[in-house]
Amino acid sequence: MEFSRFVAIGDSQTEGMCDEAGPDTYRGWADRLAAQLAEINPELRYANLAIRGKNTRNTLDEQLAPALAMKPDLVAAPLGMNDVIGRADLDVVHADLEQIYGSLAATGATVIVSTFPDIAQINPLGRAFESRLFEVNDIMRGFARRHGFVLVDLFAAPVLRDRRSWSTDRLHASSLGHDRFAAGAAHALDLPGSDPHWGRPLGIAGEPNPVRRTVDDARWLVEFFTPWIVRKLRGRSLGDGRTPKRPELSPVLAADDVNARAQKS
């Protein structure tokens with residue numbers, strides 16, 4: 001399938017955090033998918049409005065209208081993870097998603113959504129919000145069925161239950177994780193040459209012993225969880241004051257060349 005106007009909306013996952021392409025510069029699954037799409041249609045133009053820390057209400061208020069104005073024929077809109085960990089009222093989240101996905105469906109564009117991986121084995125506090133994650137995943141499956149959206153089932157992918165698919169903060173995918181998400185999206189879109197086994201498990205790696213795991217978990221609580229709690233208490237977000245990395249539709253390959261040079265520098 002060939003697309004010409006690809007727009008991505010959402011949060012840090014779609015912005016590409018922890019898939020580094022340079023200082024405070026991230027590539028991410030959506031950029032990787034855009035590069036694959038541009039191999040099919042070199043005239044493809046791509047915008048990425050996603051910003052770290054944004055929740056579903058932020059996406060509705062700040063990103064939906066600009067995305068619609070670009071008249072995309074492909075939209076990436078996997079939403080809801082910040083609502084899961086932020087303890088938002090999921091009934092309100094569902095209502096916001098109704099507006100977002102209803103508006104996107106009305107355009108006739110192909111829309112990509114996803115389930116979220118169960119990171120209870122990755123994140124020390126994952127069990128605390130596991131039931132909410134399951135509920136949001138059910139919501140995503142429901143919207144995909146109702147509107148005929150393309151669903152990337154990250155929850156069912158063994159590779160995303162492997163620590164190597166996650167960054168040191170255990171909340172954002174590593175470069176490997178972003179690569180696997182992009183591969184899953186390419187397969188869901190039935191792109192030429194896509195991998196039907198994109199979610200297969202990685203080769204066996206040695207697990208840290210219980211003492212090492214406890215030490216690693218304690219370090220994570222100090223380095224990542226505590227600052228996150230402090231920001232929440234202060235009503236702050238990593239996305240405060242940030243603007244989208246690709247606010248307008250632009251050619252893909254030129255941006256990939258910039259990323260490639262940044263990675264080599």
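Asp19 sits in the loop between helix 1 and strand 2 (20-22). The model described here is predicted. Asp19 is buried, with a relative accessible area of 1%. Its surroundings are drawn from several parts of the sequence. Leaving out residues up to four places away in sequence, Asp19 touches Thr25, Tyr26, Arg27, Gly28, Arg32, Ser175 and His178. Two of these neighbours are reached by polar atoms of the Asp19 side chain. One is Gly28, whose backbone nitrogen lies 2.9 Å from the side chain of Asp19. The other is Arg32, whose side chain makes a polar contact with that of Asp19 at 2.8 Å. Salt bridges with shared partners join Asp19, Arg32, Asp179 and Arg180 into one network.

His172 lies in the loop between strand 7 and helix 7 (175-188). With a relative accessible area of 12%, His172 is buried. Beyond its neighbours within four places in sequence, His172 is in contact with Ser12, Met17, Cys18, Trp166 and Ser167. With Ser12 the contact is polar, side chain to side chain, at 2.9 Å.

Helix 7 comes next in the chain. This helix has 14 residues. From first to last C-alpha helix 7 reaches 20 Å, close to the 20 Å expected at 1.5 Å a residue. The buried residues of helix 7 are Gly177, His178, Arg180, Phe181, Ala182, Ala183, Gly184, Ala185 and Ala186. They pack against helix 1, helix 2 (29-40), strand 6 and strand 7. Asp190 follows helix 7 and has a positive phi, near 60 degrees.

Helix 6 (residues 130-147) was examined in the same way. Buried positions in helix 6 are Glu130, Arg132, Leu133, Val136, Asn137, Ile139, Met140, Phe143 and Ala144. Their packing partners are helix 4 (81-85), helix 5 (90-106), strand 6 (110-114) and strand 7 (150-152). After helix 6 comes Gly148, with a positive phi near 70 degrees. The side chains of Arg141 and Asp138 meet at 2.9 Å, N to O. These two residues are three apart in helix 6, so about one helical turn separates them. Both are partly exposed: Arg141 has a relative accessible area of 23%, and Asp138 has 47%.

Further salt bridges were found elsewhere. The count comes to 11. Arg52 pairs with Glu15, and their closest N and O atoms are 2.6 Å apart. Arg52 lies in the loop between strand 4 (45-48) and helix 3, while Glu15 lies in helix 1 (residues 12-15), so the pair ties together parts that are 37 residues apart in sequence. Both partners are buried. The relative accessible area is 6% for Arg52 and 7% for Glu15. Glu62 forms a salt bridge with Lys54, with closest N and O atoms 3.2 Å apart. Here the partners fall in separate classes. Glu62 is partly exposed, at 42% relative accessibility, whereas Lys54 is buried, at 13%.

The nonpolar interior was considered last. In soluble globular proteins, nonpolar side chains tend to be buried together. The largest nonpolar core in this model has 36 residues. Val7, Ile9, Met81, Leu97, Ile100, Tyr101 and Leu104 touch the most other members of this core. Helix 3 (56-69), helix 4, helix 5, strand 6 and helix 6 each give two or more residues to the core. Another core, of 29 residues, lies apart from it and includes Ala38, Ile112, Val152 and Val252. Leu104, in the largest core, touches Ile9, Leu64, Leu68, Val75, Ala77, Ala109 and Val111, not counting residues up to four places away in sequence.

Terms used: Residues are numbered from 1 along each chain as its sequence is written. This is a predicted model: local features need pLDDT of at least 70, side-chain atom pairs count only at pLDDT 80 or more; totals for chains, interfaces and linings use all residues. Side-chain values use heavy atoms; hydrogens and water are left out. Buried means under 20% relative accessible area, exposed over 50%, partly exposed in between (1.4 Å probe, protein chains only). Helices (H or I, at least four residues) and strands (E, at least two) are DSSP runs, numbered from the N terminus. Contact means heavy atoms within 4.5 Å. A nonpolar core is a set of buried Ala, Val, Leu, Ile, Met, Phe, Trp, Tyr and Cys residues joined through side-chain atoms within 4.5 Å. A salt bridge is a side-chain nitrogen of Lys or Arg within 4 Å of a carboxyl oxygen of Asp or Glu. A polar contact is a pair of N or O atoms within 3.5 Å; within protein, one must be able to donate a hydrogen and the other to accept it, and residues adjacent in sequence count only if both atoms are side-chain atoms. The expected span of a helix is 1.5 Å times one less than its number of residues.
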